[in-house]
Amino acid sequence: MRPEFYANKNLKKAFKFDPSPDSVHDTRVALRKYYVVASALSRLCYLPECLYYSKEIVKILGVIRDSDISGCIPIKRDELVSKVSRLLPKISNCYLPKIYGSRLVVYEKIRDVYLTLEVKEFHEFRKKVRMVYYLVESVGEDASSLKEISKKLGDMRDKFLIESCGKKDFNIPLNQELISEVKAIIREIIMRSEFHHLRDLI
């Protein structure tokens with residue numbers, strides 16, 4: 001699979017947005033996948049407005065979803081949903097062209113995440129796991145293990161959000177064994193890649 005086609009497939013999904021909680025979640029995930037890959041490929045195909053607006057929409061959807069999940073964070077939901085609907089047309093022409101070298105650039109990004117995975121903060125670790133899960137999926141590799149771990153971390157975050165009623169300044173303890181497990185999964189994926197020179201750097 002070509003990463004740019006993966007990004008485009010997810011961008012297309014985002015335009016099915018509606019106000020329901022399920023659609024808010026699905027649109028946010030689809031746009032995140034688009035953003036992660038488009039951002040990784042930005043040194044080959046830089047689309048600053050596409051990156052800016054997709055990230056802004058993801059942020060707004062995050063506020064809506066946190067409120068939906070917690071049940072106690074006050075927001076003007078209808079206004080935020082309308083804002084998302086107004087912003088989505090701004091990325092209607094953000095499909096990526098065929099980009100030569102896209103797989104290499106994505107694998108290099110996967111390698112970079114591997115080398116910087118030793119973090120102490122829960123949110124940063126969860127963000128990196130989610131990013132590498134999307135990147136691995138975008139090159140057609142089996143990302144099921146990373147998806148499962150990403151979901152587990154997301155469930156932990158949602159549970160805390162509900163229990164703390166939207167408290168932002170939290171830090172869930174990180175399990176060192178989990179970090180080691182993720183590193184082992186990523187390393188195996190890199191070792192299976194066609195880019196032999198990357199193996200010498202991990």
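User: Which residues lie nearest the centre of the largest pocket?

Analyst: This is a predicted model, and the largest pocket in it has a volume of about 670 Å³. Its lining is made up of 22 residues, and the elements that give two or more residues to that lining are α2 (21–40), α3 and α6 (122–138). Those that lie nearest the centre of the largest pocket are Arg32, Lys55, Val58, Lys127 and Arg130.

User: By class, how many residues in the lining of the largest pocket are charged?

Analyst: When the lining of the largest pocket is divided by class, eight residues are nonpolar and three are polar. The number of charged residues in the lining of the largest pocket is eleven.

User: Which element gives the most to the lining of the second largest pocket?

Analyst: About 550 Å³ of space lies in the second largest pocket, which is lined by 22 residues, with His25, Val29, Tyr134, Ser150 and Lys151 the closest to its centre. At least two residues of this lining come from each of α1 (3–14), α2, α6 and α7. With eight residues, the element that gives the most is α2.

User: How many residues in the lining of the second largest pocket are charged?

Analyst: The lining of the second largest pocket can also be divided by class, and this gives five nonpolar residues and five polar residues. The charged residues of this lining come to twelve.

User: How many disulfides does the structure hold, and in what pattern do they follow?

Analyst: A disulfide is a covalent bond between the sulfur atoms of two cysteines. In this structure cysteine 50 and cysteine 94 form a disulfide, with sulfur atoms 2.1 Å apart, and cysteine 72 and cysteine 165 form a disulfide, with sulfur atoms 2.0 Å apart. The structure therefore holds two disulfides, since a pair of cysteine sulfur atoms within 2.5 Å counts as one. When the bonded cysteines are counted along the chain, the pattern is 1-3, 2-4.

User: Is the link of cysteine 50 and cysteine 94 left-handed or right-handed?

Analyst: Cysteine 50 and cysteine 94 form a disulfide, and the pair links distant parts of the chain, with cysteine 50 in helix α3 (residues 48–70) and cysteine 94 in the loop between α4 (77–87) and α5 (102–115), 44 residues apart. The angle about the S-S bond is -85°. With that angle, the link of cysteine 50 and cysteine 94 is left-handed.

User: Is cysteine 94 buried or exposed?

Analyst: The relative accessible area of cysteine 94 is 2%. Because buried means under 20% relative accessible area, cysteine 94 counts as buried. Its partner in the disulfide is cysteine 50, which has a relative accessible area of 8% and is also buried. The value for cysteine 94 itself is 2%.

User: How many residues apart are cysteine 72 and cysteine 165?

Analyst: Cysteine 72 and cysteine 165 form a disulfide, and this pair links distant parts of the chain. Cysteine 72 is in the loop between α3 and α4, whereas cysteine 165 is in the loop between α7 (144–164) and α8 (176–192). Cysteine 72 is partly exposed, with a relative accessible area of 31%, and cysteine 165 counts as partly exposed at 41%.

User: What is the volume of the largest cavity?

Analyst: Rolling a probe the size of a water molecule over the atoms shows where empty space is left. The count comes to one cavity of 30 Å³ or more, and its lining includes Cys45 and Cys50. The elements that give two or more residues to this lining are α2 and α3, and by class the lining has eight nonpolar residues, one polar and no charged. The volume of the largest cavity is about 40 Å³.

Technical notes. Residues are numbered from 1 along each chain as its sequence is written. This is a predicted model: local features need pLDDT of at least 70, side-chain atom pairs count only at pLDDT 80 or more; totals for chains, interfaces and linings use all residues. Side-chain values use heavy atoms; hydrogens and water are left out. Helices (H or I, at least four residues) and strands (E, at least two) are DSSP runs, numbered from the N terminus. Buried means under 20% relative accessible area, exposed over 50%, partly exposed in between (1.4 Å probe, protein chains only). On a 1 Å grid over the protein atoms alone, a cavity is a set of points where a 1.4 Å probe fits but cannot get out, and a pocket is an open set with protein on both sides within 12 Å along at least five of seven lines; lining residues have an atom within 4 Å of a point. Grid points are joined across faces, edges and corners, and a volume is the space filled by probe spheres set on the points. Ala, Val, Leu, Ile, Met, Phe, Trp, Tyr, Cys and Pro count as nonpolar, Asp, Glu, Lys and Arg as charged, and the others, Gly among them, as polar.
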